[in-house]
Amino acid sequence: MLRALAVDDERPSLEELLYLLNADPRIGSAEGAGDATEALRRINRALESGPDGPDAIDVVFLDIQMPGLDGLDLARLLTGFARPPLVVFVTAHEDFAVQAFDLKAVDYVLKPVRRERLAEAVRRAVELRATGRHGAAAPRIPVHEPDPDHMPVELGGVTRFVAVDDITHVEAQGDYARLHTGRASHLVRIPLSTLEERWRSRGFVRIHRRHLVALRHIGELRLDAGTVSVLIGSEELQVSRRHARELRDLLMRRTTS
């Protein structure tokens, strides 16, 4: 099981993150730090203890924007250690994904943190720890697609091919995109706009500046007090006003064809 350190200067966010981590059976212990300086002292103690010592830390769940030393600064410092803990960024800002993965982050989780999304980050950390890849956790993010039916993704140095038909929706994260299937999610170095153009003929449609969805995976279209959303599996995604009419028209055409 993983030994985790959560770092966030906002106490409610830190407590919520610790609650979610402690509820995951793959987390053996989770403790918190209120800023990067406190976290660095705790990590130094862990490194002195050794990977099997009582104070060891396997993974740090790290906020980015904090007063003083921020999360990116702390991650840069950790790259200088021989065996640093794995790093998962947990932030409200999507604009730092490129810097995060350049610093060999395991994952990049956006706030508000969803339980299933955090569970995916924990799964990645568990797999990488099992391979012994401390300090070299970040996969090489694929930049292009070898065939139209599959997208290459990498985890733990292994390239896997995700069938495009299995992708339920795509989430923009800066210059990256996160592909969601019914079982997992994968980050690729490609803008959402490129995937929108490439997969339009395969039934993908833009519903928001941050989301591209596969029409065949939409379970419900919900209208509530002037707002529109879609249900994909158990996840509800908001539809922006500018895309709502096009989405309704496309769904109507699919049901009558």
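1. Let's start with R42: this residue is buried, with a relative accessible area of 9%. Buried here means under 20% relative accessible area, exposed over 50%, and partly exposed in between, using a 1.4 Å probe and protein chains only.

2. Before going on, a word on what you are looking at. This is a predicted model, where local features need pLDDT of at least 70 and side-chain atom pairs count only at pLDDT 80 or more, while totals for chains, interfaces and linings use all residues. Residues are numbered from 1 along each chain as its sequence is written, and side-chain values use heavy atoms, leaving out hydrogens and water.

3. Which residues does R42 touch, not counting those up to four places away in sequence? They are L5, E31, D55, A56 and I57, a contact being heavy atoms within 4.5 Å.

4. Take a closer look at E31.

5. Now zoom out. Buried residues make up 50% of the 257 residues in the protein chain. Of the chain's contacts with a separation of 6 or more, 55% are between residues 24 or more positions apart.

6. Finally, the C-alpha atoms of the protein chain fill a box of roughly 65 × 45 × 30 Å along the principal axes.
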